[in-house]
Amino acid sequence: MKLPTIIGAEKLLNEAKQRNPGAWIGHSKTAALCAKKIAEHCDNLDADFAYVFGLLHDIGRREGVTDMRHIIDGYRFLLSQSYDDCARICLTHSFPYKDIRSYNGQNDCTTEETEFIISFLENTEYDDYDKLIQLSDALALPDRATYIEKRLVDVVMRRGFNDLTIPKWKTFLHLKDYFDKKTGTDIYKLIGV
Ligand SMILES: [Fe+2]
């Protein structure tokens with residue numbers, strides 16, 4: 001895997017902060033910490049890699065205030081830096097449930113970009129880093145980690161629910177269960193919620 005160092009990733013995040021400051025910077029740092037703490041207890045994961053993936057998963061927000069666009073912007077930016085494994089996380093982190101309609105927000109991508117994302121998801125089997133950042137993203141508030149159940153309810157209160165809500169909730173709870181088993185503990189203890 002070719003990733004930036006932690007210092008390199010922090011530099012990229014700081015540059016992005018100058019371009020588009022916001023709560024997403026704190027969220028990215030919380031997600032990185034959650035990912036690191038969980039990865040430290042997984043035999044097949046590297047905690048520093050997990051930290052870097054967490055820091056950069058939303059880096060597409062460097063381009064401004066966008067919705068689903070941020071995933072494709074992050075993907076392109078990190079590919080341009082030759083960080084292909086980090087680029088992949090930009091796309092996969094938003095889709096624990098592999099259906100483009102399950103995105104929490106507006107699709108502000110072009111038709112071509114949307115088709116690209118759909119086919120990328122169809123042709124990608126998630127590895128444990130994809131899954132770890134999907135989980136960490138859902139645990140991360142700008143200033144602290146929280147219970148996934150709280151985040152799920154909060155999103156539904158703000159955006160309403162549809163026919164994909166229950167399958168999505170099941171996917172998130174399955175992810176939590178997956179990492180509880182992998183770490184041999186309750187991940188809430190690891191991240192200190
Ligand atoms: Fe995120």
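This short talk goes through the iron site, the aromatic pairs and the nonpolar core of the structure above.

Before the details, please keep in mind that this is a predicted model, in which local features need pLDDT of at least 70 and side-chain atom pairs count only at pLDDT 80 or more, while totals for chains, interfaces and linings use all residues. Residues are numbered from 1 along each chain as its sequence is written, and side-chain values use heavy atoms, with hydrogens and water left out.

Let me start with the metal. The iron ion has as its protein donors His27 and His57, each through NE2, and Asp58 and Asp137, each through OD, at 2.0 to 2.4 Å; donors here are N, O and S atoms within 2.8 Å of the metal (3.2 Å for Na, K and Ca), and as water is not among the atoms, sites may look incomplete. Along the chain these donors follow the spacing H-x29-H-D-x78-D. Within this set, histidine 57, in the loop between α3 (47-56) and α4 (69-80), and aspartate 137, in helix α7 (residues 128-139), link distant parts of the chain, 80 residues apart. Both histidine 57 and aspartate 137 are buried, where buried means under 20% relative accessible area, exposed over 50%, and partly exposed in between, with a 1.4 Å probe and protein chains only.

Turning to the rings, a search of the whole structure gives 8 aromatic pairs, a pair being rings of Phe, Tyr or Trp (its six-membered ring) with centres within 6.5 Å, called stacked if the planes are under 30 degrees apart, edge-to-face if over 60, and tilted otherwise. The pair of phenylalanine 49 and tyrosine 129 is tilted, because the ring centres lie 6.5 Å apart and the planes are at 55°. Since phenylalanine 49 lies in helix α3 and tyrosine 129 in helix α7, this pair ties together parts that are 80 residues apart in sequence. Phenylalanine 49 is partly exposed, with a relative accessible area of 29%, whereas tyrosine 129 is buried, at 8%. Phenylalanine 95 and tyrosine 103 form another tilted pair, 6.1 Å centre to centre with 40° between the planes, and both of these residues are buried.

Finally, the core. The largest nonpolar core has 58 residues, and those with the most contacts inside it include Leu56, Leu78 and Phe95; such a core is a set of buried Ala, Val, Leu, Ile, Met, Phe, Trp, Tyr and Cys residues joined through side-chain atoms within 4.5 Å. Not counting residues up to four places away in sequence, leucine 56 touches Pro4, Ala9, Leu12, Leu78, Cys86 and Cys90, contact meaning heavy atoms within 4.5 Å.

Methods:
Helices (H or I, at least four residues) and strands (E, at least two) are DSSP runs, numbered from the N terminus.
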